[in-house]
Amino acid sequence: MVENVKELLKLHEGITHEVYLDNENSSIVPQEVVDAMLPYYNKKAYGNPTLTHKPGWEAFEVIMNSFQKIANYMGAKILEEITFTPSETEANNLAIMGTAFAQKSKGKKIVISEIEPINVLQVAEMMGKFGFSTTKIPVNNEGFIDLEKLKEAVDNETILVSISAVNNELGTIQPIKEAVDIVKAKNPQTLFHTDASDAYGRIPLNVQDLKVDLATVGSYKIQGPRGMGAMYLREGVNMERILEGQIGTQKLWPGVENTPLIVGFTKASELAFENFEANTAKMRTLRDKLVDGIFNELDDLRFNGPKGDKRSPDNANISILRCEGEALTIELSLKGIYVSSGSACSRRLLQPSHVLVAIGRRFSEAHGSILMKTTRSLTEEDIAYVLESLPTAVNRIRGIVGSTGVD
Amino acid sequence: MSRIPLPYNPKVMDLFRHPKNLGKMEDATVVAVAGNPACGDMITFYLKISAQDIIERASFESYGCAANIATSSIVTEMIKGLSLEAAWKDITWKRVTDEIGGLPSVKFHCGVLAVGALKRAIRQYFKEKGVAAPEWLPNEHTFEEKQALEEEELAKTLSKRLKPEAEKQS
Ligand code: FES
């Protein structure tokens, strides 16, 4: 199998332009971020921050500064409210399991939306093993949660509600503030968690304004290194650890703190937030050019998710009818353009993206869907290259489909 | 909902990039479809069959992944010049998978579907011709045909689970 990859990569030789748009699934770490991280492997602060020697104290200092910065960017009150985790997957696991176990005497009901990322969806479902039940709130055809249904779903046994601030596939910006008010009005004890991985660095986010109890953010989603995320837990809320081991600077996550990754995530956050307006404006401009260009060039398309300011500025999700998504991602890769698809063929269980199904897309629409996210590091030339190459790629795959895919 | 690495081999990639016998055949003797656009995996086979029941030409269209495209293409190559009997007996999904140099296990079904479509086309040929099926053609469905049926059933069940909005869209 690995030999195959060698051959596969060879097919990409001679590519003149590469455009990475699969920022949903990983990202390119800017050199500045890498440069900021490297000294922490072997030049300084390589110690364990809980030990009484210079490299340890150096690590302690830089980690504390990072806690403070991430707390500021998220709008947390104090740095103790932040826990670094190996990614948003672990942060979501901790948020759900950790609160559920700590609150179980108050009730055993969890409420999420139908379009949560799988690291929320499957964790909530897994909690069934421990006697918890999960209710999923439906969404409309743009991915907005049904607030009425949310209100109905919460009762005095509901211990946790978890709804993403921005949906990772559709870019839908949820009315979190309203949702929190609705939930707290029905049950002030219910905790509210939001996976803000796709909001952080893309839309204004402040956990105190939103009045959420817990929030998740992730590093690679803002061009930071993979393998780092953070969870916000409002001061005073009870939570249990879900992993045991040596506790260091943070009581909710054991193990030796990964100083270089923490530094990288912090640096990536700085870069995202120091020019927040300009950065997000650029994402939006490039995204709009990309989407408008594709709609100009091709017919039989569906735009997935909302338009306008209720959509995160980086997200583009388009269904290309009569075109199979997995085949298209390969065709595009051979041209140096990297995207992902919600096609059933690209999944282990051969079922299309649950998010696209939840907004009422037919299977054949989900089948040709591609997800792209812009970053501030992309250029106008990159978008021009995509617009120049994509129609040829789509037309070739549509040519293979012929009349077969028309239902 | 999770993903799986798919390191396609060079032969699959080659047939994906340069599929042989692609496209509708205007003068096809028989056309058969397997799969369902709802679940995405769908293949159309076009066969030109001589009076002596020899497959003179075969072509395909595919609404599926790279493995689906490549296996369909290779089947059209493998059956060219074969008698219907030989095509029926010799072309199994295992042979097709071997011929293509192996597939990731999650993609086996794409090859199965290609062979299912072929078997369906052969069956249909005799039906349309209005002659009794030859004795080598069993009444019972082969593994590949059963799989194709199963996949089509699954597509129906999945579509039923769709939301009402989906019905409204065209
Ligand atoms: S056609 Fe869907 S997985 Fe191959």
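Predicted model: local features only at pLDDT ≥ 70, side-chain atom pairs only at ≥ 80, totals over all residues.

Biologist: What makes A:E326 and B:K107 a salt bridge?

Modeller: The cut-off is a Lys or Arg side-chain nitrogen within 4 Å of an Asp or Glu carboxyl oxygen. A:E326 and B:K107 come to 2.5 Å, so the pair qualifies under that 4 Å limit.

Biologist: How many salt bridges are counted between chain A and chain B?

Modeller: The count there is one. On the chain A side, the elements giving two or more residues include α1 (2-10), α6 (118-126), α12 (325-333) and α15 (380-401). The top contributor is α15(A), with five residues. By type, the chain A side splits into 23 nonpolar, 17 polar and 14 charged residues.

Biologist: How do you know how big the interface of chain A and chain B is?

Modeller: Interface size is often given as the accessible area lost when the parts come together. Here chain A and chain B bury about 4,100 Å² between them, and 58% of that is on carbon and sulfur atoms. In residues, 54 of chain A are in contact with 44 of chain B.

Biologist: And chain B itself, what is it built from?

Modeller: Seven helices and three strands, running α-β-β-β-α-α-α-α-α-α from the N terminus. Of its 170 residues, 57% count as buried.

Biologist: Back to chain A. Which domains is it divided into?

Modeller: Domain 1 covers 2-21 + 276-401, and domain 2 covers 32-273. Their C-alpha centres lie 28 Å apart. The two domains of chain A bury about 2,200 Å² between them, 54% of it on carbon and sulfur atoms. On the domain 1 side, A:F276, A:H354 and A:I359 lose the most area, together 27% of what that side buries.

Biologist: What holds up the salt bridge label for A:D314 and A:R202?

Modeller: Their side chains meet at 2.9 Å, N to O. The limit is 4 Å between a Lys or Arg nitrogen and an Asp or Glu oxygen, so this pair passes too. The rule finds two salt bridges across the interface of domain 1 and domain 2 of chain A, along with 15 residue pairs in polar contact, both at pLDDT 80 or more. The domain 1 side that touches domain 2 has nine nonpolar, 11 polar and seven charged residues.

Biologist: One more: why is A:T190 called buried?

Modeller: Its relative accessible area is 0%. You'll find A:T190 in the loop between α8 (176-186) and β6 (191-195) of chain A. Leaving out residues up to four places away in sequence, A:T190 touches several others, among them A:V154, A:I159, A:V161 and A:D213.

Biologist: How do you know the side chain of A:T190 makes a polar contact with A:T158?

Modeller: The A:T190 side chain reaches the backbone oxygen of A:T158 at 2.8 Å.

Conventions: Residues numbered from 1 in each chain as written. Chains lettered and ligands numbered in written order. Heavy atoms only, no water. Domains from an automatic or database assignment. Buried area = accessible area lost by both parts, 1.4 Å probe. Polar contact = N/O pair within 3.5 Å; in protein donor to acceptor, adjacent residues only side chain to side chain. Nonpolar A, V, L, I, M, F, W, Y, C, P; charged D, E, K, R; others polar. Helix = DSSP H or I, 4+ residues; strand = E, 2+ residues; numbered from the N terminus. Buried < 20%, exposed > 50% of the residue type's maximum accessible area, 1.4 Å probe, protein only. Contact = heavy atoms within 4.5 Å.
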